[in-house]
Amino acid sequence: MSQRTTERSGRPRMSDVVYERLQEFLLDGQIQPGERIRVDELSRRLGVSQTPVRESLNRLEAEDLVTKTHLIGYSATPKLTPQRFEDLFEARFLIEPYCSGLAAGRHRGDEVEQLAQIASEMRGSYQAGTMSYGAFARADADFHEAVIAATGNSYFGEIFAKLHCHLQLFRLLRDSRVTEDALDEHDLIVTAIRQRDTQSADRAMHAHLTASRGRLRSAFETPTPQPPPT
């Protein structure tokens with residue numbers, strides 16, 4: 001789950017603030033897939049030195065959102081290909097429903113309440129119109145990471161973290177269905193885990209992934225050409 005490091009003054013570190021801004025640029029499409037990223041331009045745009053920009057880009061490179069090429073510099077990674085998209089969901093179907101069921105059986109009370117709080121804050125901020133698309137993507141990642149953490153098995157968390165799935169998937173499509181429907185699906189997952197219903201938790205996560213895959217597949221659909229006006 002993403003956490004900021006704070007300075008002695010209690011304020012978040014500048015590198016963390018810059019990192020979140022750049023991540024949002026990538027998720028919101030302000031920096032397009034494949035686009036060259038110039039450190040000096042970002043430094044001027046954000047009003048900071050180049051040091052926190054470079055630190056942030058290195059973190060984003062570790063998340064597969066940015067690539068660094070020798071003698072060329074940084075650029076945003078391309079979007080997932082259709083095959084990589086299907087491979088990613090195949091891996092998620094193996095991990096997340098099972099972990100959701102485990103979380104239902106193993107969670108401590110505070111873990112499910114944290115999960116419920118993430119879901120509630122996502123809904124409240126989204127419905128109030130105060131949550132950007134990039135912020136929604138980060139909160140969605142936090143929700144799924146919290147489900148995995150509630151299993152009590154750190155190996156699942158390490159495996160899931162290596163997928164970087166939410167950051168990659170949210171770059172595919174900006175559509176209200178991606179966000180609105182996910183909120184209701186999250187509530188069903190939280191309810192099943194809170195009730196310690198392992199089978200329902202497994203099914204709820206499986207249904208959520210199935211719906212999410214269906215929504216995002218439309219990013220690969222080729223628009224039907226319109227006939228020329230007569």
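This tour visits a pair of packed helices, a pocket and a pair of aromatic rings.

The model is predicted: local features need pLDDT of at least 70, side-chain atom pairs count only at pLDDT 80 or more, and totals for chains, interfaces and linings use all residues. Residues are numbered from 1 along each chain as its sequence is written, and side-chain values use heavy atoms, with hydrogens and water left out.

**First stop: two helices**

Select residues 39–46, helix H2, and residues 50–62, helix H3. Helices here are DSSP runs (H or I, at least four residues), numbered from the N terminus. The two pack at an angle of about 115 degrees, with their axes 9 Å apart; axes are lines fitted to C-alpha atoms over the stretch in contact, and angles run from 0 to 180 degrees between N-to-C directions. Next, display Val 39, Asp 40, Leu 42 and Ser 43 of H2, which meet Gln 50, Val 53, Arg 54 and Leu 57 of H3. Contact means heavy atoms within 4.5 Å.

**Second stop: helix H4**

Select residues 82–106, helix H4, which supplies three residues, the largest share, to the lining of the second largest pocket. A pair of aromatic rings is described by the distance of the centres and the angle of the planes. Within H4, show Phe 89 and Phe 93, which lie four residues apart, about one turn of the helix. Five aromatic pairs are counted (rings of Phe, Tyr and Trp, the last by its six-membered ring, with centres within 6.5 Å; planes under 30 degrees apart are stacked, over 60 edge-to-face and the rest tilted). The ring centres of Phe 89 and Phe 93 are 6.4 Å apart and their planes stand at 45 degrees, so this pair is tilted.
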